[in-house]
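Dear colleague,

I am handing over a structure that you have not worked with before, and I have set out below what was found in it. Please read it with the view open beside you.

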Amino acid sequence: MLELQDISVSVENNREILDHINLVVPDSRFIVITGPNGGGKSTLARVISGVQTPSSGRILLDGEDITGLGIDERARRGISFAFQQPVRFKGITVRDLLVLAAKGASDQPLQEKDLRSYLRDVGLCPKDYIDREVNGSLSGGEIKRIEIAVVLARRARLTIFDEPEAGIDLWSFTNLIDVFRRLRSEISGSVVIISHQERILDIADEIVVLSAGRLTAHGPKADILPRLLGGDHCQFCHGQPVSHKKAVDSSERVACPRESV
């Protein structure tokens with residue numbers, strides 16, 4: 001179980017990006033974090049993963065204080081993070097990344113059929129990608145899908161996805177939803193997804209809403225989702241409008257405006 005206790009993140013001029021966040025992520029739960037522009041969602045993901053250090057507060061994993069641990073130590077304890085802008089690795093192939101990820105999940109070597117299955121799950125043809133170098137020759141969308149495949153192979157006890165739909169086409173997004181549905185039914189750990197997409201929100205066990213750096217709502221999907229999408233304004237977002245712009249396709253609604261903080 002992950003627990004955030006009174007987490008705050010301040011930047012220049014003492015502006016609060018996260019303002020005293022208290023949140024519990026139980027084991028074997030599928031949680032989606034959403035909210036308006038500048039709400040602090042990506043910052044919260046970076047704080048949980050160890051990429052960014054909070055200004056105050058504590059982070060506990062099964063009762064152990066991991067606040068001072070970096071991303072490597074947290075990864076060893078089972079926290080996996082899929083970046084919004086994935087990293088490129090010159091000289092390393094897609095196969096290398098998947099094999100390395102699987103070593104952290106099991107003592108058994110990754111079978112070829114499983115390796116190929118992870119790529120197909122994210123809409124990549126194994127024949128075309130399995131031995132490609134993860135470098136500048138790949139598009140942003142291809143890199144994103146490869147990183148998601150690596151996270152799936154890792155099978156961490158807590159996996160964090162920061163807007164996994166970004167840079168992915170409609171076919172791959174539909175496939176990705178199926179992957180998340182399967183994860184939801186099979187996971188022994190927890191999944192936390194930062195997203196605005198209604199179809200991702202719809203498969204959550206719980207929804208968390210961040211607005212202006214504060215946790216303004218947290219509860220079962222059945223309680224939170226209708227109030228997010230039920231009108232022109234999100235009830236939890238300090239009067240900010242709900243965006244109904246086209247997202248992945250023309251029928252997809254966006255719960256709240258996008259953000260990069």
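Helices and strands are named here as DSSP runs, a helix having at least four residues and a strand at least two, and they are numbered from the N terminus. What you have is a predicted model, and its secondary structure comes to nine helices and twelve strands.

As to confidence, the mean pLDDT of the chain is 83, with 84% of the residues reaching 70 or more. Among the elements, strand E4 (residues 56–61) has the highest mean pLDDT, at 97, while helix H7 (residues 170–186) has the lowest, at 76. Over residues 242–251 the pLDDT is below 50, although this stretch has 22 contacts in the model beyond near neighbours in sequence. Residues 257–261 are likewise below 50, and that stretch has 26 such contacts beyond near neighbours in sequence. Where pLDDT is low, the predicted coordinates should not be read in detail.

Turning to the chain as a whole, 51% of its 261 residues count as buried, and the chain exposes about 11800 Å², of which carbon and sulfur atoms supply 47%. Of the contacts in the chain with a separation of 6 or more, 65% are between residues 24 or more positions apart.

One part to look at is an open sheet of four strands, which run in the order E2-E1-E4-E5 with antiparallel pairing. Strand E2 (16–25) and strand E5 (64–65) each have a single partner strand, so they stand at the edges and one side of each is left without a neighbour in the sheet. Strand E1 (residues 2–10) pairs with E4 over five bridges in the antiparallel sense, and Gln5 has Arg58, in E4, as its bridge partner. Helix H1 (residues 41–49) packs on this sheet, where it touches E1, E2 and E4, and its direction makes about 120° with that of E1.

The other part is Ser137, which lies in the loop between strand E8 (133–134) and helix H6 (140–154). Leaving aside residues up to four places away in sequence, Ser137 touches Arg132 and Glu142. With Arg132, the side chain of Ser137 makes a side-chain polar contact of 3.4 Å, and another polar contact, of 2.7 Å, joins the side chains of Ser137 and Asn135. Arg88 is 49 residues from Ser137 in sequence, and their C-alpha atoms are 9.9 Å apart in space.

With kind regards

Terms used
Residues are numbered from 1 along each chain as its sequence is written. This is a predicted model: local features need pLDDT of at least 70, side-chain atom pairs count only at pLDDT 80 or more; totals for chains, interfaces and linings use all residues. Side-chain values use heavy atoms; hydrogens and water are left out. pLDDT is the predictor's confidence in each residue, from 0 to 100. Contact means heavy atoms within 4.5 Å. Two strands pair if DSSP finds at least two bridges between them. Axes are lines fitted to C-alpha atoms, for helices over the stretch in contact, and angles run from 0 to 180 degrees between N-to-C directions. Buried means under 20% relative accessible area, exposed over 50%, partly exposed in between (1.4 Å probe, protein chains only). Accessible areas come from the Shrake-Rupley method with a 1.4 Å probe; for residues, only the protein chains shown count as cover. A polar contact is a pair of N or O atoms within 3.5 Å; within protein, one must be able to donate a hydrogen and the other to accept it, and residues adjacent in sequence count only if both atoms are side-chain atoms.
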